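Please look through the structure shown here before reading the notes that follow.

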Amino acid sequence: MDSLRPGDGYPLGAHFDGVGTNFAVFSGAAERVELCLFDEDDEEIRWELPRGDAFVWQEYLSGVMPGQRYGFRVHGPYEPERGHRCNPRKLLLDPYALAVEGSVAWGEGQGPEALFGYRFGDPWSRNDLDSAPYMMRSVVVCPRFDWGDDRPPRIPYDETVVYEAHVKGLTARHPGIPAELRGTYAGLGHPAMIEHLTDLGVNAVELLPVHQFVHDGRLLRRGLRDYWGYNAIGFFAPHNEYSSEGSRGEQVLEFKAMVRALHEAGIEVILDVAYDHTGEGDHLGPTLSFRGIDNASYYRLADGDPRYYANATEAGNALLMRSPHVLQLIMDSLRYWVAEMHVDGFRFARAPALARELHDAERLAAFLDLVRQDPVVSQVKLITEPWDVGEGGYQIGGFPPLWTERNGEYRDTMRDFWRGRPGSLPAFASRLAGSGDLYADDGRRPFASINFITCHDGFTLHDLVSYDRKHNEANGEDNRDGTGDNRSWNCGEEGPTGDLEVLALRERQKRNLLATLFLSQGVPMLSHGDELGRTQYGNNHACCQDNELTWIDWDALLDQFPLLDFARRLSALRARHPVFRRLRLPEGRDASAAREHGAPGGAALPDLLWFTPGGREMTGEDWHTDDAAALQAFLNGATAGGPDRSGRRIADDSFLLLFNARGGDLAFRIPPVRYGEEWSKVLDTADPMLAEEDAPVVKAGENVAVEARSVQVLRRV
């Protein structure tokens, strides 16, 4: 190993070219930087890096091959009062590492204290214990991979069905996946898993964080582990514990193979990413990477006292979004995952924190501008979680048109409506129609709204209809963690029950919520296992439960075939009929497209119209009566949208949606003949096995019995 030529300052990280590897790391605080290479006996060889331009320390070393483990030691000031925390006794991960080997050894020898920059009992002292024996290692990776003819599926938003999934939780107990592949990227790309997804109509999997993360030592000491993965320490490296092949770069190949397999099945891969903070925690956290490389350049420090961190994320620290080095890190990471790993989009956790340069979340913040202008990142799906805990953090409806948003208003409204909360009807109709009140002012389309009833954070669908209260005792926080605002209803008994009436009502409520999700304008998102009735027994904050509480029990849940079959039928109904996935927000008034295509009696019809259960158009008073919990929605198929991507005008069947959230059965009168002479029942949540060909045809003006707390879908004959 020697240096044949000067190193390059870009790209940052370790990059193998077939002969050797170029190493480059930024640190404006460093006085010296050592590259540490580890042999098979874990002996450390140190190589001092020359400083190049713009505070990048760089060197090209011939003979350094893929699989080589390495880290950095940064010599410089340890002055917490000035925001500096350099300490060469701490081995540091490369912020740009493409793979990471091992995990932090929290409980071995001096491991816990050696990993910290200070001595326990004095948070401002310098700790000279060597952390290398207890640290993870960065790994040099070979970039070559046979992608074959892989192409991004590029599913249009209006045709997208998102499936939020955890790599391990989804696959760890699947009987059709070989035991050695369960809980891994290979398991997710296995034909048995892909068959389930395609049968369900899923064409985009949104993976909970797969960036390399670090387990919190406090959790491990309580016998728990970080499960969700929001404790990232490596924004370029796929998490090594999800690899079945190894962690010397094999995890990178396995991830790519998973993406290739999903793409072959027409399924996109979207990553849940958290670029707002890292796993190094607050001022009492360990020194693993960024803190020891250049603390003040990477983190937001507290105003007036840089010993502390601005904790805008409740994660102990926040990345400094006005720093050009942080912005470069994030943009380089995003481009890498698109260009090299072939992912199809991102869901940004706590997205307002990324737009927050000083205090408030700025709509035109530097990060949003960078994404909008980037020729690579701007071309993939960009989904925000439009809220965080910081000042100005609730930004739903406030992101630019390039972005789509997880619609928390949708979640809350649909839960309220089906649990019978008074006054929910107007909001229910708005959410069903695409949330134009949130997105129309920006000229955005219905698919700006990512609709969901449940996600990883909160109750599962089964628990939503089975528990009134959270039951998080297993998390070790005395049930204080997790939200108390679940908007749930246990249907009469808390938790497991043998009462057949309660069980039947719960199953119907699940079907009601799923039907509402797939019949709403916007992009539906399922949380994994909800189609099978997965339960966490009332735990609504299972972030630390990497065990059978959160892993899908496929053997038990496959008995829930009726619910799975119903979900498949819903997804297929939405896929067949563009009227449920309009390209534009419905206007609720006469439309020229209806005249062009004709309508019964030759009259133009609105694209969307609301009727009372009695069959007359809704008036202002109807929306606000004390018992307003039922209505009909007329969807005009002649105005489904258009033109499509082939230039053809989109036309579809027309539908009536009958919603009854009341506690008693209700007779719905079919609207007048101008909206349709005859109607055939397509779906009934009170009769999940209904076959359309066996359903009787009903005529305009006739009554249809709709059972308590149920949905019916009628198609115009």
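A residue is called buried if its relative accessible area is under 20%, exposed if it is over 50%, and partly exposed in between, using a 1.4 Å probe and protein chains only. This is a predicted model, in which local features need pLDDT of at least 70 and side-chain atom pairs count only at pLDDT 80 or more, while totals for chains, interfaces and linings use all residues. Residues are numbered from 1 along each chain as its sequence is written, and side-chain values use heavy atoms, with hydrogens and water left out. Helices (H or I, at least four residues) and strands (E, at least two) are DSSP runs, numbered from the N terminus.

**The barrel and its strand S20**

- Strands of a sheet pair through backbone hydrogen bonds, either parallel or antiparallel, and two strands are said to pair here if DSSP finds at least two bridges between them.
- Eight strands form a closed barrel in the order S11-S12-S15-S16-S17-S18-S19-S20, with parallel pairing.
- Strand S20 (residues 523–527) is largely enclosed by the rest of the structure, because five of its five residues are buried.
- Both faces of S20 are covered, with Val523, Met525 and Ser527 buried on one side and Pro524 and Leu526 buried on the other.
- S20 runs parallel to strand S11 (residues 162–165), to which three bridges join it, and glutamate 164 stands opposite serine 527.
- Strand S19 (residues 449–452) also pairs with S20 in the parallel sense over three bridges, and phenylalanine 452 has methionine 525 as its bridge partner.

- Strand S17 (residues 381–384) and strand S18 (residues 404–406) run parallel and are joined by two bridges, with isoleucine 383 opposite threonine 404.
- Glutamate 385 lies in the loop between S17 and S18, and it counts as buried because its relative accessibility is 12%.
- The side chain of glutamate 385 makes a polar contact with the side chain of arginine 347 at 3.0 Å and reaches the backbone nitrogen of arginine 350 at 2.6 Å.
- A polar contact is a pair of N or O atoms within 3.5 Å; within protein, one must be able to donate a hydrogen and the other to accept it, and residues adjacent in sequence count only if both atoms are side-chain atoms.

**The open sheet**

- Five strands form an open sheet in the order S4-S3-S6-S10-S9, with antiparallel pairing.
- Its edge strands are S4 (44–48) and S9 (100–101), each of which pairs on one side only.
- Within this sheet, two bridges join strand S6 (residues 69–75) to strand S10 (residues 137–139), and tyrosine 70 stands opposite serine 138.

**Two helices side by side**

- The axes of helix H15 (residues 500–519) and helix H17 (residues 561–576) come within 10 Å and cross at roughly 15°.
- H15 and H17 are therefore roughly parallel to each other, since angles under 35 degrees count as roughly parallel, over 145 as roughly antiparallel, 65 to 115 as roughly perpendicular and the rest as oblique.
- Residues in contact, meaning heavy atoms within 4.5 Å, include Leu514 and Phe518 in H15, and Phe566 and Leu570 in H17.

Definitions and conventions. Axes are lines fitted to C-alpha atoms, for helices over the stretch in contact, and angles run from 0 to 180 degrees between N-to-C directions.
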